[in-house]
Amino acid sequence: MLLNQKYEIFPNEEQKEMLDRWLQYCRQTYNSALLDKQRKYRESKESYRRKDMQTQLKMDKKNYPFLKEVPSQPLQEVFLRLEKAFDSFFRKDKNYPKQKKYKDYTSMTFPQFGFNAKGNRMAMSFSDNGKLYNTKPKLGEIDLLLHRPLEGTIKQLVMKRQGKRWYAIFSVERQGVPSEMDPNNAIGIDVGLHKYAVLSDGREFENPTFLRKKEKQLKIAQRKLSKMKRGSSNYRKQVMRIRQLHEKIGNQRRDFLHKLSYNLSRTYSVVCVENLNIRHMVRNRKLSKSISDAGWGMFRQMLSYKCEKSGGLLVKVEPHYTSQDCSSCGERVKKSLSIRTHICTKCGVVLDRDYNASLNILQKGLEQLLVTN
Ligand SMILES: [Zn+2]
């Protein structure tokens with residue numbers, strides 16, 4: 001089943017000019033192929049097919065190098081449109097195809113999107129930060145507003161001008177996502193120090209109180225130890241006590257993480273988390289203690305195999321800017337770790353910092369899932 005999902009895109013002035021130019025080149029190609037077809041028929045009563053048009057386009061590109069500015073996919077798709085127009089005419093559904101005027105020709109089609117089988121980018125794809133992307137020296141990145149998640153495998157992209165606005169219309173195939181993986185049932189999770197996990201549906205999971213109690217006990221015990229005389233019998237007893245506390249905390253944390261990951265993997269079919277480089281983060285000494293204790297790596301591992309077991313999927317996304325970017329408009333709002341609220345300077349949205357991050361993680365994960373499918 002193919003479905004169209006339409007999103008507004010926001011090209012800057014330069015990009016708008018280029019898109020407009022591409023449309024004009026497509027329109028000219030359409031019109032000149034139509035003329036060629038009519039001439040051929042007049043002169044020899046022979047039909048002029050798509051293959052002939054493509055041969056002509058190759059020659060045209062040599063004579064008119066500006067045609068090379070347009071990616072070849074939408075330029076070639078023009079002939080398919082012409083063919084369809086004649087088919088409708090012969091079926092008596094429509095009038096004889098006419099030369100297209102500026103206002104009649106408002107869209108171009110990219111019959112492929114994302115990455116090819118070899119993993120190379122097609123003419124249009126999503127960039128790493130989720131924008132519409134065309135190879136750098138040309139269009140570059142265009143902002144788009146994913147007001148609802150893309151659901152399915154992207155089969156083609158139509159870029160359309162309507163008045164002064166531009167839209168991206170994705171043709172999406174639903175079967176692309178395995179049936180048991182319902183993207184509507186996806187969740188983004190932000191793990192952190194303040195709350196253990198914040199979910200993109202608004203749920204929050206605190207570190208359990210008994211764990212925090214034990215951690216306080218541990219801190220006190222460690223302080224006590226530092227005042228004791230090294231090697232004394234009291235010192236050795238205290239070391240034992242601390243070791244036992246560590247063990248208890250470890251067990252309780254593992255227990256907590258097992259329950260949490262089990263619960264999440266049974267509730268959601270697609271779970272998106274950050275692919276945090278723990279080793280890199282632990283180098284930051286101030287954070288190091290709590291991070292290595294928080295067992296984030298263990299949590300991710302548990303999630304991974306539990307999701308797999310229940311027929312779901314764990315998607316790991318790159319952590320760049322997930323806490324900075326605005327989940328509602330995409331604006332990058334720089335903020336230090338101590339700032340707990342995301343206040344967007346562009347669209348004005350105000351969200352809990354971690355909740356905003358969880359929404360970004362979900363969006364990134366879904367995009368990743370769709371592009372790799
Ligand atoms: Zn915003």
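## Strand pairing and the sheet

Strand 8 (residues 186-191) and strand 11 (residues 270-274) run parallel and are joined by 3 bridges, where strands are DSSP runs (E, at least two residues) numbered from the N terminus and two strands pair if DSSP finds at least two bridges between them. Alanine 186 has valine 270 of strand 11 as its bridge partner. This is a predicted model, in which local features need pLDDT of at least 70 and side-chain atom pairs count only at pLDDT 80 or more, whereas totals for chains, interfaces and linings use all residues. Residues are numbered from 1 along each chain as its sequence is written.

The order 10-9-8-11-12 describes an open sheet of 5 strands with mixed pairing. Strand 10 (204-205) and strand 12 (313-317) stand at its edges, and each has a single partner strand, so one side of each is left without a neighbour in the sheet.

## Domains and annotation

An automatic or database domain assignment divides the protein chain into domain 1 (2-176) and domain 2 (183-372), whose centres, taken over C-alpha atoms, are separated by 45 Å. In domain 1, 13 residues are in contact with 10 residues of domain 2, contact meaning that C-beta atoms, placed from the backbone, lie within 7 Å.

The UniProt record, an unreviewed entry, places the feature "domain: Cas12f1-like TNB" at residues 296-361; such annotations may be inferred rather than shown by experiment. In the model this span is 35% helix and 17% strand, and its end C-alpha atoms lie 16 Å apart.

## Helix packing

Helix 2 (residues 50-63) and helix 3 (residues 72-90), helices being DSSP runs (H or I) of at least four residues, pack at an angle of about 150° with their axes 10 Å apart; axes are lines fitted to C-alpha atoms over the stretch in contact, and angles run from 0 to 180 degrees between N-to-C directions. The contact involves Arg50, Met53, Gln54 and Leu57 of helix 2, together with Leu75, Gln76, Phe79 and Glu83 of helix 3.

Note on methods. Two residues are in contact if their C-beta atoms, placed from the backbone, lie within 7 Å.
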